[in-house]
There are 2 protein chains.
Amino acid sequence: MAKKKTTKKTAKKRSGKTTGGKKGGGKKGRSRSRASKKKTSRKRETAQSMSKRQRDISISEFFTKNRHLLGFDNPSRALLTTIKEAVDNSLDACEEAEILPDIRIVVTQMEGQEDRFTVRVRDNGPGIVRKQIPNIFGKLLYGSKFHRLKMARGQQGIGISAAGMYGQLTTGSPVRIISRTAKHRPAHRFEVTIDTQKNVPRIQTDEKVEWDCEHGTQVEIDLEAKYQKGRWSIDEYIRQTAIANPHVSITYTTADGKTHEYPRSTDELPAEPREIKPHPYGVELGVLIKMLHSTKSRTVKGCLKSDFCRVSDRVAEEVLDRAGIYVNARPSRIARQEADNLLASLKQTKIMNPPTNCISPIGEELIIQGLQLLDADFYTAVTRSPAVYRGNPFLIEIGIAYGGKLRDDSAVRLLRYANRVPLLYQQGACVISEAASDTSWRNYGLSQSGKNLPQGPAVILVHVASVWVPFTSESKEAIAHYPEILKEIKLGLQECGRRMSIHINRRRRQREAEKKKQYISSYIPHISNALRNILELNEGSEEEITEVLTGVLERSRGA
Amino acid sequence: MAKKKTTKKTAKKRSGKTTGGKKGGGKKGRSRSRASKKKTSRKRETAQSMSKRQRDISISEFFTKNRHLLGFDNPSRALLTTIKEAVDNSLDACEEAEILPDIRIVVTQMEGQEDRFTVRVRDNGPGIVRKQIPNIFGKLLYGSKFHRLKMARGQQGIGISAAGMYGQLTTGSPVRIISRTAKHRPAHRFEVTIDTQKNVPRIQTDEKVEWDCEHGTQVEIDLEAKYQKGRWSIDEYIRQTAIANPHVSITYTTADGKTHEYPRSTDELPAEPREIKPHPYGVELGVLIKMLHSTKSRTVKGCLKSDFCRVSDRVAEEVLDRAGIYVNARPSRIARQEADNLLASLKQTKIMNPPTNCISPIGEELIIQGLQLLDADFYTAVTRSPAVYRGNPFLIEIGIAYGGKLRDDSAVRLLRYANRVPLLYQQGACVISEAASDTSWRNYGLSQSGKNLPQGPAVILVHVASVWVPFTSESKEAIAHYPEILKEIKLGLQECGRRMSIHINRRRRQREAEKKKQYISSYIPHISNALRNILELNEGSEEEITEVLTGVLERSRGA
């Protein structure tokens, strides 16, 4: 047992200056004055003294200290994240209730406070029942979307309450909510703060109010923020949202009082995605054991059939037979070793891929319609067939706009979407960027150096839709590098790339033919003139010859 | 209020095939068969039906589903992360109790299971008191390091319990712990699982056992894992740990039964870092209000003085005077608006930077000693003075090794450390990489293309030490891009770069002089021969002349 040797005697002043040199600069057995000084004045820690400090950390405290994980690392990003979280929730709620979303965003500067703003987001959604309002806005990790496999914008139950927490932290103000579920019901107004030590909502105000909205929810948050233009601006976020969500109408009033309208371009709601059960290939031992213990079925076979997707009678029997488990065994009686066999057997059995109507794509026509906002020459889009990663279905959509008014002198713009939500930050960390950089764009007529994004007058849109999008952090700005997802994106990019290259080649051939034609036609008058001299014709004949030759050229070049 | 129009009549089969084309590919008012089919069979969602699904999400469930956030996204990374979390905890505990750490890591393949391994990590630390063992290993967000500002490897209280949770999820096994706090006390052995729905430990076994270790802790986890060589291997992690922690002795037994020893190279423990109070410049309104309400002081002045660092009597009085608050006011009576004034006043007042003895650097000599493991020609290191980001003190250390056996034909190797812990993954997302790519290495004799890492036979070590390292995710693999941290790293790199360039230039001049000397000396025999012919000397004189001329050359070139 190596114990600490006493070093008090050898204490030596640490120089604090920088040193550098050749081999042998280090010496063994040095000591530092601060260390030894402290040892004289401080009691040594023991398991007992340490144990007194060990305690629970609440999830709100955790995210307060680590708020960059949620997208609140600086004031301009905080403003965007707050709006994004509120809009995500509004759109999810409207679509679930099959209401065409009307979103109003208002940002106002707080009186006399340069760096503090109020964000108000209002929707015409189904509203929220009174007793759930404080939890949804005043508690992290609370929501309806986490526990099911269904494509939605929100998934964690963190976003909007984290925005409220950030607002409270930076301005001390509570989150203010008004919500109404139907015309014949009252509108409820709440003011809620978060008790970060316990992660529970504290209700400051709870009243019935008059409201000019039949049903819907409005949330208002004061926060420290900064207004920003350009790539990461609110305008850009709304514009990109409009491209992928043509059924949404958004009105945005800036802090300067200007109002921007983004009307919907279709009255058609996207197909409502279905909730699915987990697929056997994606399940792990711990989850399987938990499912066996909490199932409502009374037999293992019943549990497999009802709690998983794509498990038929035949599949269930085959799986149980291979695992050596009796089909009518009580699920809660399955021991760890048996569950392990069951899992192995599940993985060995051929089971259909999960159903894919749980995913609602934007669709090729609407992607092209969205991209037309960009004023290009050429548009193409691909909606790929659904695929599966870790048992979760997902689907890739790609769109490319090329030429026209798009800028020629820089890297192509990449529009990234996850479940119809535009991703603005952390482009470098995202699997979409990797796929786009990893594709050989030179084959498709764009220039590209190394493994970088290609150059050229193009915009590339990539949409990853899934029942569970694997984000690299809670701020949901980049998608993790699952090989299945990478592969699907690359296949989609290649397909769109081929179409673009056909367009680019056709355009190039047209331009070349045009050039050749002009080149030849510049000789025609000289030929006519020479023929006239040789054959001693008059001026009228010369013109005729020119006309005939030009006619021949037109026909032969098919122009 | 725009309501969903019925679309059943216009239902049209979605083609499912890909389409592409020129402008005008989109049409308004389309509909999709799946959407309309579903509408006939499903009840429309309302606020009431949605509210039934809204519920709490436990932090363990959250991280089970998002386990890539914790570094458990694939089996080989999971193995490394598990070992890393266990070693981090062991080293923190040993250092806090002022014990020279002896760490033993054993990885064994589970019998008959190709992809399952058991990891055992054992230390000679102070041990853990019996009642805390289940919480520390069976509960996420539990620990002693989160609530204080002190430099430590662990900070969140997530790591080791997350490793246990991953093990449980993939193998169904509990975490097994033995711990003993002193020779005269019994060793306790626990088997603990995590109830992920509630985030609480479930004790499977709790017994006293015989143990051959006087004090210390041993943790054993079964998990699905993959053995990996190279850059992200366990060996590489331990080697890098040894470089930055010369006081640690590690024994590592691989699954093949081979044992690698990494003995300590110093018997000196690092200076024990001190815990500090928050600095007024880093505090935000919400935190200030919470501190005022929970302080033990009975006056505002007392609260400022005792709960913050660097607030003297004079500073406190100045701050309160400017904020218009009476010095003896009761802290709990301070209203939101007053707190806001207090905060503004704190930011306007000149307050000393936080004390920096809360950070314990590795030190230049030990960095050089560590780098000598690499067999280079030249070593240099810089420990910079502490600086502050968002009120948190931090300190940068840089080391460079150049030449010798280091490879010449690729990008330099970057060794990243945070609080003495090597960071292996996510190099691209880390502020250290940004700083290294953003430095003009051509000035210092390395080749570099664009904003990439330079090329050349060099290894660059960067250590970020802080009371709170801002990681980009819970897996603690990359440091966030705070401008203050970026700047300090770049200054350190430049300083080391200059020293390296002096070495490189000196070497280049030496090589050139050598070349010149050889060039001249090749002429000496000819000169001697010519002189002999002209002066008609004998052979002996010719040799003498050669000798004299060579002597002159040697002296004049100073070789």
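In H4(A), the residues A:Ala78, A:Thr81, A:Thr82, A:Glu85, A:Ala86, A:Asp88 and A:Asn89 meet A:Gly159, A:Ile160, A:Ala163 and A:Tyr166 of H6(A), contact meaning C-beta atoms, placed from the backbone, within 7 Å. The model is predicted, with local features needing pLDDT of at least 70 and side-chain atom pairs pLDDT 80 or more, while totals for chains, interfaces and linings use all residues. Residues are numbered from 1 along each chain as its sequence is written, and chains are lettered from A in the order in which they are written.

- The contact of H4(A) with H6(A) divides into 5 nonpolar, 4 polar and 2 charged residues.
- H4(A) and H6(A), the latter spanning residues 159-171, pack at an angle of about 145° with axes 8 Å apart, and their crossing is left-handed.

**Domains of chain A**
- The domain assignment gives domain 1 (63-262), domain 2 (280-348), domain 3 (364-502) and domain 4 (505-557).
- Between domain 1 and domain 3 of chain A, the centres taken over C-alpha atoms are separated by 28 Å, and the contact takes 22 residues from domain 1 and 22 residues from domain 3.
- On the side of domain 1 of chain A that touches domain 3 of chain A, H7(A) gives the most, with 5 residues.

**Contacts of one residue**
- Not counting residues up to four places away in sequence, A:Val464 touches A:Phe394, A:Ile396, A:Tyr417, A:Ala418, A:Ile432, A:Val469, A:Ile479 and A:Ile485.

Technical notes: Two residues are in contact if their C-beta atoms, placed from the backbone, lie within 7 Å. Domain bounds come from an automatic or database domain assignment. Helices (H or I, at least four residues) and strands (E, at least two) are DSSP runs, numbered from the N terminus. Axes are lines fitted to C-alpha atoms, for helices over the stretch in contact, and angles run from 0 to 180 degrees between N-to-C directions. A crossing is left-handed if the near helix is turned anticlockwise from the far one by less than a right angle, and right-handed if clockwise. Ala, Val, Leu, Ile, Met, Phe, Trp, Tyr, Cys and Pro count as nonpolar, Asp, Glu, Lys and Arg as charged, and the others, Gly among them, as polar.
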